[in-house]
Amino acid sequence: MDRPADALPIRPGFEGIGPSRVRMHGGNVHQEFQRRWGAGSKVLAGEVFCADGAVADATTVLPAGAVVYLYRDLPDEVEVPFDVPVIHRDDDILVVDKPHFLATMPRGGHVVQTALVRLRRDLGLPELSPAHRLDRLTAGVLLFTVRPQVRGAYQSMFAAGRVRKTYLAHSSSAADLAFPRTVVSRIIKRRGSLQAIEEPGEPNAETLVEQLGAGLYRLTPRTGRTHQLRVHMASLGLPITGDPLYPKVVEVAADDFSCPLRLLAKTLEFVDPLTGTRRRFDSSRRLASG
């Protein structure tokens, strides 16, 4: 039986980071690692684990379809110099006020500099898991589950749209439009493309946009497509201040934190799936207008 990845031995320096899961073609593990990735040295160094937790070595042979785990080399990352304040913590959930520029969870070149890994390490919560996700450039309220036993209940709540999310956004542009207004469109993000796009077809994205004055808007998404709020604001001629992707892609250095995206996940409201209690969490962050 496979052991959970987070129950496998932790490689020093990888605290808070789970191993990668790899499905084998079958045969000698050392030879397959060398043939597929030129990484046979990882097997010889004792960094590859079988599904039962045993350390693979030069003699280990596994059938096709077997799973092994390994800790991949960490990318070079620029430290994100902002704290992750805790809004609420109990035995089931952790709610934080995520800063701009910090990814929710490991992906691509962002591993240690993610909210998940930093919180696991700082708070000693190795089983912490995100119940939903915020874009790396978006700040605000982010909810994690503390125990695997409750993970499904909270993740399902978000997936089913039973959470009311309210965002604040600032735009330096002006548009002659009537508010409030609801933006409905079909948004698609294709693999390999930085931008999501709107295209003809069955709508899959809906956002209520309310004007608050001084370039500030309240956004209430009724769906959760990738970059939905950024795409919808740009489509209104009101791109969010500091957005490096919409309406056009702008190169920003990895260590440049001078111009955050003015988009804030301000509130989360839901009926707790375990207790039936109505809960609300608010970000204490404010959006800069410039």
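A search of the whole structure, which is a predicted model, returned one cavity of 30 Å³ or more. Here a cavity is a set of points, on a 1 Å grid over the protein atoms alone, where a 1.4 Å probe fits but cannot get out. Volumes refer to the space filled by probe spheres set on the points, with grid points joined across faces, edges and corners. In this predicted model, local features require pLDDT of at least 70 and side-chain atom pairs count only at pLDDT 80 or more, whereas totals for chains, interfaces and linings use all residues. Residues are numbered from 1 along each chain as its sequence is written, and side-chain values use heavy atoms, with hydrogens and water left out.

The volume of the largest cavity is about 30 Å³. Its lining, defined by residues with an atom within 4 Å of a point, consists of His132, Val141, Lys165, Tyr167, Ala265, Thr267 and Leu268. Two or more lining residues come from each of strand E10 (163-170) and strand E16 (263-271), with strands taken as DSSP runs of at least two residues and helices as runs (H or I) of at least four, numbered from the N terminus. Strand E16 contributes the most, with three residues. By class, four lining residues are nonpolar, two polar and one charged; Ala, Val, Leu, Ile, Met, Phe, Trp, Tyr, Cys and Pro count as nonpolar, Asp, Glu, Lys and Arg as charged, and the others, Gly among them, as polar.

In total, 17 salt bridges are present, each defined by a side-chain nitrogen of Lys or Arg within 4 Å of a carboxyl oxygen of Asp or Glu. One of them joins Arg230 and Asp135, with an N to O distance of 3.7 Å. Arg230 belongs to helix H5 (residues 228-235) and Asp135 to the loop between strand E8 (129-130) and strand E9 (139-145), so this pair ties together parts that are 95 residues apart in sequence. Both Arg230 and Asp135 are buried (under 20% relative accessible area; exposed is over 50%, partly exposed in between, with a 1.4 Å probe and protein chains only). The two residues also take part in a salt-bridge network with Arg133 and Asp243.

In a further salt bridge, the closest N and O atoms of Asp272 and Arg279 lie 2.8 Å apart. Asp272 is buried at 2% relative accessibility, and Arg279 is likewise classed as buried, at 17%. Glu210 and Arg218 form a salt bridge at 3.0 Å, N to O; Arg218 counts as partly exposed at 30% relative accessibility.

An open sheet of three strands shows antiparallel pairing in the order E1-E5-E3, where pairing requires at least two DSSP bridges between two strands. Strand E3 pairs with strand E5 (residues 67-70) in the antiparallel sense over three bridges, and Val68 in E5 is the bridge partner of Cys50.

Terms used:
On a 1 Å grid over the protein atoms alone, a cavity is a set of points where a 1.4 Å probe fits but cannot get out, and a pocket is an open set with protein on both sides within 12 Å along at least five of seven lines; lining residues have an atom within 4 Å of a point.
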